[in-house]
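User: I've got a model open and want to walk through it with you. Can you keep it short?

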Amino acid sequence: MKDKISQLTASRKRLLQQMPDLSTVLPGSLLSRMVRCNKPGCRFCEKGTGKGHGPIWILSVSLGNRQVRQVPIPGEMKKEVEESLRAFAQTQKVLKQIAQVNLELLKERKRQR
Ligand SMILES: [Zn+2]
């Protein structure tokens, strides 16, 4: 029936509208870490009790072959990086859904030919 095809085409159109701005996407995940300055007498870095300085933010990106690239992120860029990571995740999610709809469309078109 023609209806199924137009249904699938409509849901694909809806999915495409959920695609974020691809120009902003960033891979990886954001980690936080405390750092030690090793200055003698620093109360933040005192052995046993000091928690260190920070947190600092690090974008950790897997390059494959067990290689990881770690990029320190200045505090004022953290929000922007988080949004770019969300855009990346959303892109992958929507892309998979669109591919699934296209698979259904392919099956339906074969059935109707
Ligand atoms: Zn310190």
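User: Which helix is Q112 found in?
Analyst: Q112 is found in helix α2. Helices are DSSP runs of H or I with at least four residues, strands are E runs of at least two, and both are numbered from the N terminus.

User: What am I looking at, and what are the ground rules?
Analyst: This is a predicted model, where local features need pLDDT of at least 70, side-chain atom pairs count only at pLDDT 80 or more, and totals for chains, interfaces and linings use all residues. Residues are numbered from 1 along each chain as its sequence is written, and side-chain values use heavy atoms, with hydrogens and water left out.

User: Back to Q112. Is it buried, exposed or partly exposed?
Analyst: Partly exposed, because its relative accessible area is 27%. Buried means under 20%, exposed means over 50%, and partly exposed is in between (1.4 Å probe, protein chains only).

User: How far is Q112 from I5 in space?
Analyst: The two are 9.6 Å apart, C-alpha to C-alpha. In sequence they are 107 residues apart.

User: How many residues does α2 have, and what does it span?
Analyst: α2 has 35 residues and reaches 51 Å from its first C-alpha to its last. That is close to the 51 Å expected at 1.5 Å a residue. The expected span is 1.5 Å times one less than the number of residues.

User: Which α2 residues are buried?
Analyst: V81, S84, L85, A87, T91, V94, I98, V101, L105 and E108. As background, an α-helix has 3.6 residues a turn, so residues three or four places apart point the same way.

User: S84 is on that list. What does it touch?
Analyst: S84 touches T24, V25 and L26, leaving out residues up to four places away in sequence. Contact means heavy atoms within 4.5 Å. S84 is buried because its relative accessible area is 8%.

User: Which residues form the largest nonpolar core?
Analyst: It has 7 residues: I5, L8, L15, V94, I98, V101 and L105. Helices α1 (2-17) and α2 are the elements that give two or more residues to it. α2 supplies the largest share, 4 residues. There is also a second, separate core of 6 residues, including L30, L59, I73 and L85. A nonpolar core is a set of buried Ala, Val, Leu, Ile, Met, Phe, Trp, Tyr and Cys residues joined through side-chain atoms within 4.5 Å.

User: What does L105 touch?
Analyst: I5, L8, T9 and R12, again not counting residues up to four places away in sequence.

User: Switching to strands. How do β2 and β3 pair?
Analyst: β2 (residues 53-64) and β3 (residues 67-73) pair in the antiparallel sense over 7 bridges. Two strands pair if DSSP finds at least two bridges between them. In β3, Q67 is the bridge partner of G64.

User: And β1 with β2?
Analyst: Those two pair in the antiparallel sense over 6 bridges. In β2, the bridge partner of S29 is S60.

User: Where is N38, and is it buried or exposed?
Analyst: N38 sits in the loop between β1 (29-35) and β2. It counts as exposed because its relative accessibility is 68%.

User: Last topic, rings. What lies over the face of W57?
Analyst: K78, at 4.2 Å from the ring centre. A charge sits over a ring if NZ of Lys or CZ of Arg is within 6 Å of the ring centre and within 35 degrees of the ring normal.
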